[in-house]
Every structure is written in structure tokens, then in C-alpha cells.
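Hi everyone, thanks for coming. Let me put the structure up on the screen, and then we can walk through it together.

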Amino acid sequence: MRNQRGLLIVLSGPSGVGKGTVRKELFSQPDTNYEYSISMTTRSPREGEVDEVDYFFKTKSEFEGLIEEDQLLEYAEFVGNYYGTPLAYVNKMRDAGRDVFLEIEVQGAAQVRSKVPDGLFIFLAPPSLSELEERLVGRGTESDEVIASRLQAARQELEMMNLYDYVVENDEVENACDRINAIIIAEHCKRERVEKRYFDMLKENV
Ligand SMILES: Nc1nc2c(ncn2[C@@H]2O[C@H](COP(=O)(O)OP(=O)(O)O)[C@@H](O)[C@H]2O)c(=O)[nH]1
Ligand SMILES: Nc1ncnc2c1ncn2[C@@H]1O[C@H](COP(=O)(O)OP(=O)(O)O)[C@@H](O)[C@H]1O
């Protein structure tokens with residue numbers, strides 16, 4: 001059987017739900033086959049964030065140049081800034097058989113859904129809206145005004161939850177990681193079985 005192309009795993013969910021925390025925990029585990037796709041953004045770096053590690057930080061005109069040159073798999077404007085996924089890296093890693101993780105908001109995820117129908121779409125949900133607010137406030141990285149805008153955006157984002165293949169509650173980071181790992185293993189098994197069945201049928205002499 002031919003080597004499977006890597007999965008494209010899209011992790012979405014409202015700001016503050018814990019996407020970054022869960023993703024970093026998943027990537028710290030040994031024996032994973034995941035690659036993280038670093039996004040482009042026009043937002044300013046937060047304290048401690050490093051260019052080309054946390055994001056590729058771009059000016060608005062640089063970002064618009066990337067859009068024009070068709071270098072992004074998807075992009076969206078979120079609470080006043082652009083965010084987007086570099087296309088070349090995703091293709092290169094998937095072709096090498098690696099699973100690629102995107103950590104993106106819901107508008108971008110919808111674009112990926114239409115361009116990459118075999119993507120795996122996981123929505124990370126908070127236990128409640130009040131817990132989401134506590135996490136956003138507790139992180140201490142945004143002003144009260146930005147937190148209010150992000151909470152407002154969260155209400156619309158939660159409406160998109162039913163469009164995802166899986167909804168994972170981030171009650172405890174470890175539980176959320178276990179659920180995501182289980183989903184990915186199950187998806188690999190399913191896709192291998194489907195592919196095997198397909199090739200077995202092609203071998204039939206009819
Ligand atoms: N569409 C899209 N969204 C992104 C991308 N990178 C990050 N985001 C999302 O943009 C939103 C804001 O990101 P950020 O300012 O880093 O805040 P944080 O995710 O709450 O720490 C989050 O929901 C991110 O998941 C991207 O490449 N494309
Ligand atoms: N399961 C969890 N329980 C409690 N706090 C959490 C949990 N997951 C993440 N957090 C905290 O919530 C805040 C937001 O998490 P973060 O990963 O930055 O979210 P996102 O990337 O979705 O914006 C951080 O302070 C983080 O430590």
C-alpha cells in the first residue's frame with residue numbers, strides 16, 4: 001500500500017479556550033507525528049512571543065502582498081488583525097507523511113473545509129462562557145476592551161461548533177489532549193481501512 005499523506009488537523013475554538021495550551025502539551029509528548037503550522041499575523045507580538053516561533057509577525061502591507069500572491073491556504077480578520085496559514089509549508093509536510101496542525105479561528109477553518117475536504121476539524125469548547133471569560137482575564141495579555149470584543153466573537157464562534165467533525169471540551173488540559181490523540185488515532189485507522197478496501201476492489205478482475 002502507498003504511504004498515506006499526512007492529515008490536516010484543524011483545531012479551532014474561541015480565544016482563551018486553551019488552544020495554545022493544549023497544542024503545546026500535545027507537541028511536548030514523545031512519539032507524535034505532528035507538525036505545527038506557524039501562522040502569519042499583523043497583530044503585535046505579546047511579551048515573550050518570538051517571531052518565526054509563535055507567529056510570523058507581518059505588517060499589513062506585507063500580509064496583503066501574501067494574499068495577492070496566493071501564498072495563504074486561508075486567512076481571516078479577527079478583532080482588528082489579519083491571521084493566515086502559509087500554504088507551502090502545509091503541503092510540504094503533508095506530502096512527507098506528517099500530520100499538520102492548524103490552530104485557527106472559525107472563519108479560517110470554514111475556508112479550509114471548502115479547500116481541503118479530507119481535513120479533520122476539531123472544535124475545542126470551554127466548559128462554560130464564564131469559565132472562558134475567567135481564562136481570558138486570567139491570561140492577562142489583553143486589555144479589558146479587547147477581552148470584551150473576543151468574548152463577543154466567542155458567542156458567534158460557538159454557533160459554528162456543530163459544523164466540526166468533533167467537539168472536545170477543554171475541562172482539563174490532560175483530558176483534552178487524550179481526547180484529541182484518540183480522535184487522530186481513530187481517523188488514521190479509518191482512513192487506512194478505507195484506502196485498503198479501495199485498492200483491494202481495484203485488484204478484482206471484473
Ligand atoms: N484564520 C486564522 N486564524 C488564526 C491563525 N492563527 C491564529 N489564529 C486565530 O486567531 C485568533 C487570535 O489569535 P491570538 O491573537 O494569537 O490570540 P489567542 O489565540 O487567544 O492567544 C485565535 O482564535 C487564533 O486561533 C491563522 O493562521 N488563521
Ligand atoms: N483546561 C484548562 N483549565 C484551566 N485553565 C486553562 C485550561 N486550558 C488553558 N487554560 C488557561 O487559559 C488561558 C488561555 O489559554 P490559551 O492556551 O492562551 O488559549 P487560546 O490559545 O485558545 O487563546 C491561559 O491562561 C491558560 O493557562
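Look for the side chain of Arg139: one of its N or O atoms is 2.8 Å from an oxygen atom of ligand 2. Please keep in mind as we go that this is a predicted model. Now find Lys19, where a polar backbone atom is also in contact, 2.8 Å from an oxygen atom of ligand 2. Then there is Val173, which has a backbone N or O atom 3.5 Å from a nitrogen atom of this ligand.

How many residues surround ligand 2? There are 15, and the closest are Gly16, Lys19, Gly20, Thr21 and Arg139.

Let's move to ligand 1. This one is surrounded by 19 residues, and Ser15, Arg43, Tyr55, Tyr83 and Glu105 are the closest. If you zoom in on Ser15, you will find a polar side-chain atom 2.6 Å from an oxygen atom of ligand 1. Glu74 has a side-chain N or O atom 2.8 Å from a nitrogen atom of ligand 1. And here is Lys19 again, this time through its side chain: a polar atom there lies 3.5 Å from an oxygen atom of ligand 1.

Next, the pockets. The largest pocket has a volume of about 800 Å³, and 37 residues line it. Which of them lie nearest its centre? Those are Gly20, Arg46, Tyr55, Glu103 and Arg139.

Several elements give two or more residues to the lining of the largest pocket: α1 (19-28), β5, β6, α5 (129-139) and α6 (144-159). The largest share, 5 residues, comes from α1. Sorted by class, the lining has 9 nonpolar, 11 polar and 17 charged residues.

The second largest pocket has a volume of about 200 Å³. Its lining is made of 11 residues, with Gln4, Arg5, Asp118, Arg191 and Glu195 nearest the centre. Helix α7 (residues 173-203) gives the largest share here, 4 residues. By class, this lining splits into 2 nonpolar, 3 polar and 6 charged residues.

Now for the sheet. As a reminder, strands of a sheet pair through backbone hydrogen bonds, either parallel or antiparallel. Here 4 strands form an open sheet, in the order β4-β3-β6-β5, with mixed pairing. Because β4 (56-57) and β5 stand at the edges with a single partner strand each, one side of each has no neighbour in the sheet.

Let's follow β6. On one side, β6 pairs with strand β3 (residues 40-41) in the antiparallel sense, over 2 bridges. One example is Phe78, whose bridge partner in β6 is Asn81. β5 and β6 form a hairpin with 2 residues between them, and in that turn Val79 has a positive phi of about 40°.

One last question: why is β6 described as largely enclosed by the rest of the structure? Because 5 of the 6 residues of this strand (residues 81-86) are buried.

Terms used
Residues numbered from 1 in each chain as written. Chains lettered and ligands numbered in written order. Predicted model: local features only at pLDDT ≥ 70, side-chain atom pairs only at ≥ 80, totals over all residues. Heavy atoms only, no water. Buried < 20%, exposed > 50% of the residue type's maximum accessible area, 1.4 Å probe, protein only. Pairing = 2+ DSSP bridges. 1 Å grid on protein atoms, 1.4 Å probe; cavity = no way out; pocket = protein on both sides within 12 Å on 5 of 7 lines; lining within 4 Å. Points joined across faces, edges and corners; volume = space filled by probe spheres on them. Nonpolar A, V, L, I, M, F, W, Y, C, P; charged D, E, K, R; others polar. Near = heavy atom within 4 Å. Polar contact = N/O pair within 3.5 Å; in protein donor to acceptor, adjacent residues only side chain to side chain.
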